[in-house]
Amino acid sequence: MKKSKIIYLIKGLLIVLFMGSCDEGFDEMNTNPVRLTSIDPTFQLNQAIISSSPGYNNLTYETTIVKQMITPFQGVGTGGNLNQDNRSATQGNWQTGYRTIVKNLIDGLESLGNAPERTNLNSIIRIWKAHAFMMLTDTYGDIPYSEAGLGYIAGNVFPKYDSQEAIYTNILNDLEMAVQGLDESKDPINQEILYSGNIEQWKRLGNSLLLRAAMRLVKVNPSLASQYALKAVNGGLMQSNDDNAVVRHNADYRNNVGTNLNGGQAPFYYLDEDFVNFLQSNNDPRLASIAVRYVGALSGGEQVEANANRTPEVQIGMPQGYDNTTIIPVAEAAGLASLFSYSQLDRTRLGNPEAPNFLVTYSQTLLLHAEAAARGWVPGDAEQLYHDGIRAHMEQMALWPNDTEIAPEAIDAYIENHPLETGNELELINTQYWVSSFLIGPETWANFRRSGYPVVNPNPYPGSDLQNEDFIRRLTYPDSELTVNKENVDEATSRMGPDVLDTRVWWDVK
């Protein structure tokens, strides 16, 4: 053998030996010691809860459809104000719901499959999963449910769409089982952000959501609705405002609606005429905590504290049916300096960037209980529950920042002047639900469609995309679903109806 070949052979052996010796500990050396390889499902639950706060699209559609707020301006805010299908906005609940909320909840439940001793956390995640899917299916109708959130877990990136009827059947059963699975003697969950691990409060939330889900079915399956309403009431509902499911905000984590209303969208959104008129005509003390009018403002730049008037009598809500050009003569006819002088949600109080987001409340629960009692489905004094529901929301007003508390004598006077009239119970109860759910857009809109109340005039804007309905009945699927999951979307629309704003969801029968 030549000398050069011997040298190359020796070098080759040395390289192999060197590589073999260097491989020992190589994986450890190249692994980030502080990178997470797993996460406690409690923190995934917390992320899902925080992400459930209504976002900016809540103003674009839900809050506008139910005639509580309105913008005459077109562009990114185009939606319910013009009864138009703005798919960059209709996808808001879908993207947040699936990409953040559902993804975290389903992954958290998957992780808990390997920890059977954590039964309380499993039940709590299932309760919030029911809340999430109610919001999604109420918004869109048939949606991915049984195969949702399995992209990373099972590689299923084209989930089938379940019927809303099947989804609600599962939600009712899941809530009932989840509440029954909660046990104070089992695993503590002190790091969850809603109730700091208070199992009794989670039970009350689960039963209150069960009542909400049951009452969705009053038109389509009253027998099942009454059955589950009774289960919810017998199981134990929320007992005070301390039981409210609320996301609290601060300077580090701000309210998304509040940041928009205090930023570039500040001069664009106004309180709706129907909402302001209702509160004024009923001498409702909540108007003083909600509204502000910048008297004489000729532009957004003049909406300043020096021009602010919070007196209920001077508030003027903006009518629907106009854009920012056609509203000008209407504002002038009302004696306003400009459209910028209509009443707005007070950006320093309920519209504050640090204002809380209420998701499920004691007031809502009392009013649903009142309706179920008025229908004869559950025990309880319907009028007392009705009055307690009004009182609970008026007392809840004190939980917003900057002097929103309502005096006890004002609450007493309002309740005394608003009896539950025989024969008009459903309208009165659900109209109060409309007020008590202010700023909880998805729920306000769902109950508006479910109950038919309050009775308000449709938006008469002439460029409406609605063909057969007076009000928007659902939001349309994201364009991304129409592109990548078309086969399953087509199956859903063949069952449910076309992917348009007019199509009614399963429980929203005429």
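Modeller: Let's begin with the empty spaces inside. Rolling a probe the size of a water molecule over the atoms shows where empty space is left. In this predicted model, there are three cavities of 30 Å³ or more. A cavity here is a set of points, on a 1 Å grid over the protein atoms alone, where a 1.4 Å probe fits but cannot get out. Grid points are joined across faces, edges and corners, and a volume is the space filled by probe spheres set on the points. Two notes on the ground rules: residues are numbered from 1 along each chain as its sequence is written. Local features need pLDDT of at least 70 and side-chain atom pairs count only at pLDDT 80 or more, while totals for chains, interfaces and linings use all residues, and side-chain values use heavy atoms, with hydrogens and water left out.

The largest cavity holds about 140 Å³ of space. Its lining, meaning residues with an atom within 4 Å of a point, is made of 17 residues, and N255, P356, N357, W400 and L439 lie nearest the centre. Two or more lining residues come from each of α13 (256-261), β7 (357-360) and α18 (382-396). Those labels follow DSSP runs, numbered from the N terminus: helices are H or I with at least four residues, and strands are E with at least two. By class, this lining has nine nonpolar, eight polar and no charged residues. For these classes, Ala, Val, Leu, Ile, Met, Phe, Trp, Tyr, Cys and Pro count as nonpolar, Asp, Glu, Lys and Arg as charged, and the others, Gly among them, as polar.

The second largest cavity has about 50 Å³ of space. Among the residues that line this cavity are T64, I65, K67, Q320, P458 and D470. Its lining divides into four nonpolar, six polar and two charged residues.

Now for the helices. Two packed helices are described by the angle between their axes and the distance between the axes. Here the axes are lines fitted to C-alpha atoms, for helices over the stretch in contact, and angles run from 0 to 180 degrees between N-to-C directions.

Start with α3 (residues 41-51) and α8, whose axes come within 11 Å and cross at roughly 20 degrees. That angle makes α3 roughly parallel to α8; the word covers angles under 35 degrees, while over 145 is roughly antiparallel, 65 to 115 roughly perpendicular and the rest oblique. P41, T42, L45, A48 and I49 of α3 make the contact with L121, I124, I125 and W128 of α8, where contact means heavy atoms within 4.5 Å. Eight of these residues are nonpolar, one is polar and none is charged. The crossing of α3 and α8 is left-handed, which is the term used if the near helix is turned anticlockwise from the far one by less than a right angle, with right-handed for clockwise.

Follow α8 (residues 119-140) onward and you meet α10, with axes that come within 9 Å and cross at roughly 155 degrees. These two helices, α8 and α10, are therefore roughly antiparallel. Their contact includes I127, A130 and F133 in α8, and I167, I171 and L175 in α10. It divides into eleven nonpolar, six polar and four charged residues. The crossing of α8 and α10 is left-handed.

From α10 (residues 164-181) you can go on to α12 (residues 222-235): the axes come within 12 Å and cross at roughly 15 degrees. That makes α10 roughly parallel to α12. In this pair L172, N173 and E176 of α10 meet L224, Y228 and K231 of α12. Three of the residues are nonpolar, one is polar and two are charged. The crossing of α10 and α12 is left-handed.

How values were computed
On a 1 Å grid over the protein atoms alone, a cavity is a set of points where a 1.4 Å probe fits but cannot get out, and a pocket is an open set with protein on both sides within 12 Å along at least five of seven lines; lining residues have an atom within 4 Å of a point.
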